[in-house]
Amino acid sequence: MLYQVVKFAAAPLANVMCRPHISGAANVPRAGGAILAANHLSMIDSFLLPALLPRHVTFAAKSEYFSGNPVSQWFMRLGGSLPTDRDSAHAAQAMLDAAAGLLESGELFGIHPEGTRSPDGRLYRGKIGVAWLALKTGKPVLPVALSGTEKVMPMGARVPRPARIGITIGEPMWFEGDYKNARDRRRVTDEIMAAIQQLSGQEYVSAYAASVKAAAS
């Protein structure tokens, strides 16, 4: 109920502020579980997709978004995001288990395979959690390319700014393999990232965004 109330209030605001151009919305199934795997340009990414798509979408969001900036706290808590502690393998697995439960109950789950925002607008190597989910549940993955969201809420900004965004949703991807097999997880993740890159047109970097950020700092 809270999600629907927030969505009712947030969708008009998101449409006015972001003037979104959405392509491929028909690829989102009307019912049943599916994984939305999106590139990550801004903190607000995990809020805009649930606000602008007709179905309920639960997103994974780093635990830092739930503390500190009051705007991000509001977005994440009212949007129903699942907090993820990126420094704890146990916490990350708990989040994936919760996401698998949502998918198996017929819900949509959103995830940013890069794990953190792109530091420079390029697309970075995906982490294998998205493949674990796809292979464990047998649910389809919809690659999603976001554009312009970094202008709505750039790194360091405390409040959103008006800017036009784009959302492109690709056709469902189905995968076979063993979710316990590291090679299968890597293969599937790389295929998903390639599909996102094809939709977004971003330059691809075969390194983790978190590692690049750490080296820069």
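Reader: Is aspartate 120 buried, partly exposed or exposed?

Author: This is a predicted model, in which local features need pLDDT of at least 70, side-chain atom pairs count only at pLDDT 80 or more, and totals for chains, interfaces and linings use all residues. Residues are numbered from 1 along each chain as its sequence is written, and side-chain values use heavy atoms, with hydrogens and water left out. Buried means under 20% relative accessible area, exposed over 50%, and partly exposed in between (1.4 Å probe, protein chains only). Aspartate 120 has a relative accessible area of 41%, so the residue is partly exposed.

Reader: Which residue meets aspartate 120 in a salt bridge?

Author: Side chains of opposite charge can pair when their charged atoms come close. A salt bridge requires a side-chain nitrogen of Lys or Arg within 4 Å of a carboxyl oxygen of Asp or Glu. At 3.0 Å, N to O, the partner of aspartate 120 is arginine 122.

Reader: How many residues apart in sequence are the parts that arginine 122 and glutamate 203 tie together?

Author: The side chains of arginine 122 and glutamate 203 form a salt bridge at 3.5 Å, N to O. Arginine 122 lies in the loop between strand E5 (108-111) and strand E6 (123-124), and glutamate 203 in the loop between H7 and strand E9 (204-205), so the parts tied together are apart in sequence by 81 residues. Helices (H or I, at least four residues) and strands (E, at least two) are DSSP runs, numbered from the N terminus. For the pair in question, the separation is therefore 81 residues.

Reader: Within helix H7, what separates aspartate 190 and arginine 186?

Author: These two residues form a salt bridge, with the closest N and O atoms 3.0 Å apart. Aspartate 190 is partly exposed at 32%, whereas arginine 186 is buried at 15%. Because they are 4 residues apart in helix H7, their separation is about one helical turn.

Reader: What is the geometry of the aromatic pair formed by tryptophan 132 and tyrosine 179?

Author: Rings of Phe, Tyr and Trp (its six-membered ring) pair if their centres lie within 6.5 Å; planes under 30 degrees apart count as stacked, over 60 as edge-to-face and the rest as tilted. A search of the whole structure finds 1 aromatic pair. The ring centres of tryptophan 132 and tyrosine 179 are 5.8 Å apart and the planes stand at 90°, so the geometry is edge-to-face.
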